[in-house]
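Subject: Handover of a structure

Dear colleague,

Please find the structure below, together with its sequence. My notes on it follow directly after.

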Amino acid sequence: MAAGKRSPCSDQSLARNDPMYGTASAGHAWAMFEIPGAWGHSAFLNSETILDPKLGRAIARRVEAAGMRVAAIRKPGRRPAQPRWRWFLARSDEGAEELHHGEVSGPQEYLDIALDGSDGRPLTTPLIAVCAHGKHDQCCAVRGRAATAAIAAEYPELTWECSHLGGDRFAATMLVLPEGLCYGRVDSADAAGLVRLYFDGRLDNRFLRGRTCLPHPVQAAQYFVRAASGEDRIAALSPLDVQRAEHRIRVLLAGDSGPVEVVLAEEMSEPLLSMCHASVPGRVRTFTLVGINPKPERKQ
């Protein structure tokens, strides 16, 4: 079936009931740059009316060379007559989370910002970024903008639309910095409620894809323990060790009463189309639970 006639990738994913756990985009550090206006397929390379492609490439390459993830952000709603050029730099590693913010007079100055955040000011509030990159995937445009509007109605100062985060089939996708909490299908959730949970130091395991600073097997192991125990604290279940043997992965997590061992099987899915523009089906990695030891008791 032609790409324009088949169901959107997020609808197909819902119909298959694709598991979201263990799929968060990898990133220990993030750079988010405001690029107001309409984005092309790549917000940095194909948005000529607001950002010169050579400058966009230089900005992205500088950040990526420093081992950081880069994304464009913009405020939802009507575009301002006078553009602003705000930036956020985040470190997401457990126990070392930090978020810095600043503003420059034009995009050329993005090349001069110290990538450790020292040119800005530290923030104690999060950055909530929802992918609404319609030129990259139609699901992000439709589902992402609806989720952004719902969150912005309650948290207007914290909420941004962002460019591609990965996992289009899980649209609407959301990133919460500095912790790097990656959510999916947030348009099906109480999207603003996910932010309220965050301020309580908690998360919703049903919609969490994982934390971006953690390896995918750890993300999956945390999901299974949370599902079994009801543990919903963001800071809980830190990884202690990961070992691989053939198709089994042993993940050791820190529990309140001692280490928790999670054994996973690593498998490949049936071929699927992971985004609306995909033309060739591909297999994706999935994790299934083999066992948890000791078996956690369900929280009341």
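The model is a predicted one, in which local features need pLDDT of at least 70 and side-chain atom pairs count only at pLDDT 80 or more, while totals for chains, interfaces and linings use all residues. Residues are numbered from 1 along each chain as its sequence is written, and side-chain values use heavy atoms, with hydrogens and water left out.

The sheet

Strand β2 (residues 69–74) pairs with strand β7 (residues 159–162) in the antiparallel sense, over two bridges. Strands are DSSP runs of E with at least two residues, helices are runs of H or I with at least four, and both are numbered from the N terminus; two strands count as paired if DSSP finds at least two bridges between them. The whole sheet is open and has ten strands with mixed pairing, in the order β5-β4-β3-β1-β2-β7-β6-β8-β9-β10. Because β5 (121–122) and β10 (208–211) each have a single partner strand, one side of each of these edge strands is left without a neighbour in the sheet.

Helix α2

Helix α2 (residues 53–65) packs on the sheet and touches β1 (29–34) and β2; contact here means heavy atoms within 4.5 Å. The direction of α2 makes about 135° with that of β2, where axes are lines fitted to C-alpha atoms, for helices over the stretch in contact, and angles run from 0 to 180 degrees between N-to-C directions.

Leu55, Gly56, Ile59, Ala60 and Val63 of α2 are buried. Buried means under 20% relative accessible area, exposed over 50%, and partly exposed in between (1.4 Å probe, protein chains only). These five residues lie on the same side of α2, because they cover an arc of only 130° around the axis, the arc being that of the directions from the helix axis to the C-beta atoms. Lys54, Arg61 and Ala65, on the other side of α2, are exposed. The cover over the buried residues of α2 includes β1 and β2. After α2 comes Gly67, with a positive phi near 80°.

Two further residues

His100, in strand β4 (residues 98–104), is buried, with a relative accessible area of 13%. Arg196, in helix α4 (residues 191–199), is partly exposed at 35%. Leaving aside neighbours within four places in sequence, Arg196 is in contact with Glu154, Tyr155 and Asp190.

With kind regards
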